[in-house]
Amino acid sequence: MVVIGVDVGGTFTDVACLVDGATIHCVKVPTRPTDIAGGVLEGVTRVLRLVGQPVDAVERIVHGTTVATNAIVQRKGAVTGLLATKGFEDILEIGRLKRSRMYDLMIDAQTPTFIAPRRQRLGIRERVGSRGEVIEPLHEEDVVAAVTHLRERFGVEAIAVAYLFSFQNPAHEVRTREIIKERFPGIAVSISSEVHPQYREYERTCVTAFDAYLRPVMEQYLVLLEAELQRQGVGARLQVMQSRGGITSAALATQRPVHLFLSGPAAGVIGGKFAAEQAGSTQLITLDMGGTSNDVALVTAGRPLITTETRILDYPVPIPMVDVHTIGAGGGSLAWIDSGGGLQVGPESAGADPGPVCYGKGG
């Protein structure tokens, strides 16, 4: 039995192969920033050659990836638009009064407006009440006009839909998605009533916006990777590690990309837990430094901590995740001087090309 595990980081792609449950072989190849799937295939090919096994012997392939994490840290997700109930377009920017540094007068806004700047957030005439009753019906012509404008003016690739009280009655959001799919089939859509059907408008809007921001990136990547693996002769279906430490199919993962935020880091915590158990320990701190980010987690009584109050950088993402704390500073982080003359490190990274300077590839 041949089982393969793949971890794609911003700098390196690591592939481990377990043969008959006994022997583990590993290879490390540079991640290909413009062809991540190609880097995975190279790693899989090399590790199978190392163990002397054909591709059709692979019975299981599990993938942990930091593609979603790096897309957020480096702000390289899809061009995204946000549709909100008319009059509530600025929920994503207003956020909450909480500040991570209470007395810092120069603190930057801690709301993810980079996902959908003000010009890409539009109001739709509709209104659902707090009990789910329809106060104002959905004006479907507003949806068509808004998406037409967002596509033609800004070239949006994804739309987040977050209407008031949609978790009580999702009909308007569902219909909005239907309209977009009918009229604009190339645009990805995330609706808050499915991504995070909970009260608290800012958090629900925030999670939905992240889901839309990541959807085209993760869908393109996972669909391509699975197709390429099958073309190479790997019959096993691709499985993907989720942020809470479980595994799902690639097809389901593309439907909820926000649950892949900490896919790679969560896998590192599960691996650290396993290694510690072999050494007789159930209390540990895991530290996983890659080229782009650095991830730290706590395992107590043999169980990773699970939280629904995760923050990615400074932004709330209230979905179940392994409690991993991520900072945008890894081995390949770039040092730079800001406009005030201060030294900054990250979140931009040298990645795999040209890579950290110590590899002598021109970085």
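# Close-up views of a predicted model

**View 1. The largest pocket.** About 1,200 Å³ of space lies in the largest pocket. The structure is a predicted model. The lining of this pocket counts 44 residues. Those nearest the pocket centre are G5, D7, A16, A267 and G268. Several elements give two or more residues to the lining: strand 1 (2-8), strand 2 (12-19), strand 3, strand 4 (58-65), helix 9 (263-278) and strand 13 (284-289). Helix 9 supplies the largest share, seven residues. Sorted by class, the lining holds 20 nonpolar, 18 polar and six charged residues.

**View 2. The largest cavity.** The model has one cavity of 30 Å³ or more. The volume of the largest cavity is about 30 Å³. Its lining consists of L41, V44, T45, V55, Q232 and V234. Four of the lining residues are nonpolar and two are polar. No charged residue takes part in this lining.

View 3. Within the pair, Q239 has S249 of strand 12 as its bridge partner.

**View 4. Strand 5 and its two parallel partners.** Strand 5 (residues 80-85) is mostly covered. Six of its six residues are buried. Strand 9 (residues 158-162) pairs with strand 5 in the parallel sense, over five bridges. In strand 9, A158 stands opposite T80. Strand 6 (residues 121-124) also pairs with strand 5 in the parallel sense, here over four bridges. In strand 6, G123 is the bridge partner of A84.

**View 5. L18 and R60.** L18 is found in strand 2. The residue is partly exposed, with a relative accessible area of 29%. L18 and R60 are 42 residues apart in sequence. In space, their C-alpha atoms are 10.0 Å apart.

**View 6. D20, a positive phi in a loop.** Most residues other than glycine have a negative phi. D20 is not a glycine, yet its phi is positive, about 55 degrees. D20 lies in the loop between strand 2 and strand 3. The residue counts as exposed because its relative accessibility, 56%, is over the 50% cut-off.

**View 7. R200, another residue with positive phi.** Phi of R200 is near 90 degrees. This too is a positive value in a residue other than glycine. R200 sits in the loop between helix 6 (192-195) and helix 7 (201-231). At 42% relative accessibility, R200 counts as partly exposed.

View 8. Is C206 buried or exposed? C206 is buried, with a relative accessible area of 0%. C358 is exposed, with a relative accessible area of 65%. A search of the whole structure finds zero disulfides.

**View 9. G360, in the segment after strand 22.** G360 is found in the segment that follows strand 22 (343-349). The residue is exposed, with a relative accessible area of 66%. G360 and A84 are 276 residues apart along the chain. Their C-alpha atoms are separated by 49 Å.

Conventions. Residues numbered from 1 in each chain as written. Predicted model: local features only at pLDDT ≥ 70, side-chain atom pairs only at ≥ 80, totals over all residues. Heavy atoms only, no water. 1 Å grid on protein atoms, 1.4 Å probe; cavity = no way out; pocket = protein on both sides within 12 Å on 5 of 7 lines; lining within 4 Å. Points joined across faces, edges and corners; volume = space filled by probe spheres on them. Nonpolar A, V, L, I, M, F, W, Y, C, P; charged D, E, K, R; others polar. Disulfide = S-S within 2.5 Å. Buried < 20%, exposed > 50% of the residue type's maximum accessible area, 1.4 Å probe, protein only. Pairing = 2+ DSSP bridges.
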